[in-house]
Amino acid sequence: MTRVGDEGGANAGDDDVAPYVHKVGVPPKQGLLKEIKFALKETFFHDEPLKHFKNQSKSRKLLLAIQGVFPILDWARRYKLHLFRGDLIAGLTIASLCIPQDIAYAKLANMDPQFGLYSSFVPPLIYAAMGSSRDIAIGPVAVVSLLLGSMLQQEIDPKHKIEYQKLAFTATFFAGITQFTLGFFRLGFLIDFLSHAAIVGFMAGAAITIGLQQLKGLLGVKIFTKKTDVVSVMRSVWTNVHHGWNWETCVIGITFLAFLLLTKYIGKRNKRLFWVPAIAPLISVIVATFCVFITRADKKGVQIVRHIERGINPPSLDQIHFTGSYVLTGFRIGAIAGLIALTEAVAIGRTFAAMKDYHLDGNKEMVALGTMNIVGSMTSCYVATGSFSRSAVNYMAGCNTAVSNIVMSIVVLLTLEVITPLFKYTPNAILASIIISAVVGLFDYQAMILIWKIDKFDFVACMGAFFGVVFISIEIGLLIAVAISFAKILLQVTRPRTAVLGKIPRTSVYRNTQQYPEATKVPGVLIVRVDSAIYFSNSNYIRERILRLLSDEEENHKENDQSRVQYLIVEMSPVTDIDTSGIHSLEDLQKSLGKRHIQLVLANPGQTVLDKLHASEFASKVGEDNIFLTVGDAVSTLAPKMEP
């Protein structure tokens, strides 16, 4: 019969014609520079960001480069008046939502209310010029505000306002530097190391923590813990139950919380009424402020905002620590807050880009968000990012471009210049209600159930992050989320799956015998598939695993009085790469098989793997006649009489 490489057919005396077996030849050798170029391209430039520069004049390339940094220069030329109606309505709607939220979120960060408004004025304007998402709404968000506030207060007591603000601006500056650096050097893939399951758990834990923190304002408790874990918070709440709660505050907080949750329910049930939950926070603030003013409830123990600084953002460049002991502290806090903000914003942007079917460049988004926070730190803003609740309202209100962010910024500007004195009697309880109603959506129990159904290890990561945030702290929860995500990657890399293959009846297809119990094994042949690249981290495990499968198969053959195993076929289709440790393990495997008089056979190695097998001369050791294009070719050539 015909072997691999034979050009002739069967001998003239043979009655049957042997099946054609395609020879697996030596792949063409690629130059070192070409390999490096390909690797760099796939790692950093897989989306070919420079392809539209090809065959363009120098002036055109310059224009494209400027438009790449400032996309507004591209889409603004095509902007039509009919698009403005949708953007105006969306901008006004998200402004009505963001104003009360910003005042509330600033308290989460332990900063004065005006800083929340500042962060919804300058950053959205920068993003509108540099961002590529049409739907994302920029401003402070609950999770980042709490994270920033909890880490800052560990360093400086919020009572020392000036020093606290300086560290906040420093952290914001370094958050922007972190985001910009990741985008500029196209390292956006690093944020993907925080798995979806870990993010779901972290956000759910943060929602519970944020909600519990608001019990201080909701119940009118004056003496409250600075810790964020559930035990400390509940201890503070219950130790003040007899003397620390203010019943007027409780009535205001619980009444408006019920109102806000009802409007969210209405908006969820009827998408056309999306504007109801969007304007509900502003209506609540107006009504609650008016009620407190006319009843003078502030004299009965109801805590109020009292004062919001009037006017636009003052410059704060001189307040950023560029030297001294707080530089490293600011960098650490900023890097953590920046990464969380980045993860949330990119996830939101990609979600709405997919819904509207347009491309979103993740690295450009990071540059835009980074620049936004760098400029923000110099204009009295703290870390801003994409808000999911506001972005969802922006989308449902019919926004067409980033002009909706510009409209929102203008409304916030007018608020800072004209309306801020009217918030003097706004009760803290209504701000607590707004925050609680806003973070309810972060507890995605349906996603948790789905994660449990799909992947139990993912669920462990989810719960680890959740309980870490709830029972220890935001930072520890985040650390657990990252650690478990890395642990999962390491486990998958170091302990890859292997499978024994059999032939599906009446086909030439070989599949996992556990997945297809009807698949039959080939007598005298063990076929093993390795479902991973073979690296130093898993090469010994793969070799030992294959030998263990071989031992099990040999014992099974002895018990059933079957012929001994003569060939071990390793199906290498899923093996995308191999390193020197992997090749050494294959050599050790071949030596072990040789002592048992078993021939090692390789099926369908990819080009990268085949290149390295030939470069290491392992291909000649195993024999080029023992490297096949498919498992079927290997079986029909080496063991035709044994084939089922």
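Welcome! Begin by selecting Arg306, which sits in the loop between helix 13 (275-295) and helix 14 (326-356); helices here are DSSP runs of H or I with at least four residues, strands are E runs of at least two, and both are numbered from the N terminus. Arg306 is not a glycine, yet its phi is positive, near 75 degrees. Most residues other than glycine have a negative phi.

Before moving on, note that this is a predicted model, in which local features need pLDDT of at least 70 and side-chain atom pairs count only at pLDDT 80 or more, while totals for chains, interfaces and linings use all residues. Residues are numbered from 1 along each chain as its sequence is written, and side-chain values use heavy atoms, leaving out hydrogens and water.

Next, select Asn110. This residue lies in the loop between helix 4 (81-108) and helix 5 (113-118). Asn110 also has a positive phi, about 60 degrees, although it is not a glycine. Its relative accessible area is 28%, so Asn110 is partly exposed (buried is under 20%, exposed over 50%, partly exposed in between, with a 1.4 Å probe and protein chains only).

Now go to the open sheet of 6 strands, whose order is 4-3-5-6-7-8 with mixed pairing. Its edge strands, strand 4 (510-512) and strand 8 (627-628), each pair on one side only; two strands pair if DSSP finds at least two bridges between them. Inside the sheet, select strand 3 (residues 498-503) and strand 5 (residues 525-530), which are antiparallel partners over 3 bridges. Look for Val500 here: it stands opposite Val528 in strand 5.

What lines the largest cavity? Select Ile534, Ser539, Ile542, Arg543, Ile546, Gly582, Ser585, Leu586 and Leu589 to see its lining. On a 1 Å grid over the protein atoms alone, a cavity is a set of points where a 1.4 Å probe fits but cannot get out, and lining residues have an atom within 4 Å of a point.

For a last stop, select Gly68 in helix 2 (residues 58-69).

Terms used
1 Å grid on protein atoms, 1.4 Å probe; cavity = no way out; pocket = protein on both sides within 12 Å on 5 of 7 lines; lining within 4 Å.
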